[in-house]
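Please open the structure in your viewer and keep the selection tool at hand.

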Amino acid sequence: MSFSPFKSLSVAATVLSLTTAAQALDLNSMTEAERSAFGEEVRSYLLQNPEVILEAIDLLEQQQQVAEVQRDNQLVQENLAELVDDGYSWVGGNPDGDITLVEFTDYRCPYCRRAMPEVAKLLAQDGNIRFVIKEFPILGEASLISSRFAVAVKQLEGPEAYKEVHDALFELPGEPNDVTLGRLAEGFGLDAEAILARMNEEVVTDELRRTRALAQRMAISGTPSFVLGDELLRGFLPADQMQLMAIAQRDQRG
């Protein structure tokens, strides 16, 4: 449903006139018959002008959208330090970039797979974006196993190995288990035995727990979810649209 400022003025004027009339009549001091008559007048007006109801719904939706954006902006500001520099999440793109893109991702999420090439395109066309990946497994046991494996790789083998494994996990055929993950690790020349042993250690669990707690504070319940600069994106946008958002934020900073 589209938003029209003229409709908004019409709704506001209608609501104001009805409110003023109600105040002037003082509904509390009216008799039951007077209240009934007034109610019939309002009902008659709405039946004769049903578009006012749609306009009111349109205006309410716009107000709710504004409130949601304001709430999300507040959540970003309250959690900004942990979002952009928690001390353990993988950091890529331009580590010294002037805008940070944070992604909460799940390896079993088809929309996360769709987002991958868009993020890669964004980072390729804008060399001044810092990229942070948050492991956020929410789609079942396979998601959790995959994230445990990826975190274990990062902790034992470093950031470069992590990014290779991260990308490969989205293309992993079949279910993640000791056999498939062991082969994946060996394919990259990694210590499969050490990584599989690390997966269930507390140090891996703690990292995933901290990220989940951050997501809960941000009211993030789906993947992919992004924070681009100071804006929260619930879902992903094409690279070109994210680029425009980054440009707009830079312009606002002067």
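**First stop: two packed helices**

Select helix H5 (residues 110-125) together with helix H11 (residues 239-253): the two pack at an angle of about 45 degrees, and their axes are 8 Å apart. Please note that the model being viewed is a predicted one. Two packed helices are described by the angle between their axes and the distance between those axes. How are H5 and H11 oriented to each other? An angle under 35 degrees would count as roughly parallel, and one from 65 to 115 as roughly perpendicular; H5 and H11 are therefore oblique to each other. The crossing of H5 and H11 is right-handed.

Next, display the side chains where these helices meet. On H5, select Glu 118, Lys 121, Leu 122 and Gln 125; they meet Ala 239, Asp 240, Met 242 and Gln 243 of H11.

**Second stop: the sheet**

Now select the strands. Five of them form an open sheet, in the order S1-S3-S2-S4-S5, and the pairing is mixed. Which strands stand at the edges? They are S1 and strand S5 (231-234); each has a single partner strand, so one side of each is left without a neighbour in the sheet. From one strand to the next, the twist averages 20 degrees.

Zoom in on S5 and strand S4 (residues 225-228), which pair in the antiparallel sense over four bridges. Within this pair, select Leu 228, which stands opposite Glu 231 in S5.

Select Thr 223, in the loop between helix H10 (202-217) and S4. Is Thr 223 buried or exposed? Its relative accessibility is 14%, and the cut-off for buried is under 20%, so Thr 223 counts as buried. Leaving aside neighbours within four places in sequence, the residues in contact with Thr 223 include Phe 104, Thr 105, Asp 106, Phe 136 and Ile 138.

Finally, select helix H7 (residues 159-169) and colour its buried residues: Ala 161, Tyr 162, Val 165, His 166, Ala 168 and Leu 169. Look down the axis of H7: the buried residues fall within an arc of 165 degrees, so they line one face of the helix. The face turned away from the buried side of H7 carries the exposed residues Pro 159 and Glu 160.

What covers the buried residues of H7? Among the elements to select are strand S1 (90-93), strand S2 (99-105), strand S3 (129-135), helix H6 (141-157) and helix H8 (178-187).

Notes: Residues numbered from 1 in each chain as written. Predicted model: local features only at pLDDT ≥ 70, side-chain atom pairs only at ≥ 80, totals over all residues. Heavy atoms only, no water. Buried < 20%, exposed > 50% of the residue type's maximum accessible area, 1.4 Å probe, protein only. Arc of directions from axis to C-beta. Contact = heavy atoms within 4.5 Å. Pairing = 2+ DSSP bridges. Axes fitted to C-alpha atoms, helices over the stretch in contact; angles between N-to-C directions. Parallel < 35°, antiparallel > 145°, perpendicular 65-115°, else oblique. Left-handed = near helix turned anticlockwise from the far one by under 90°.
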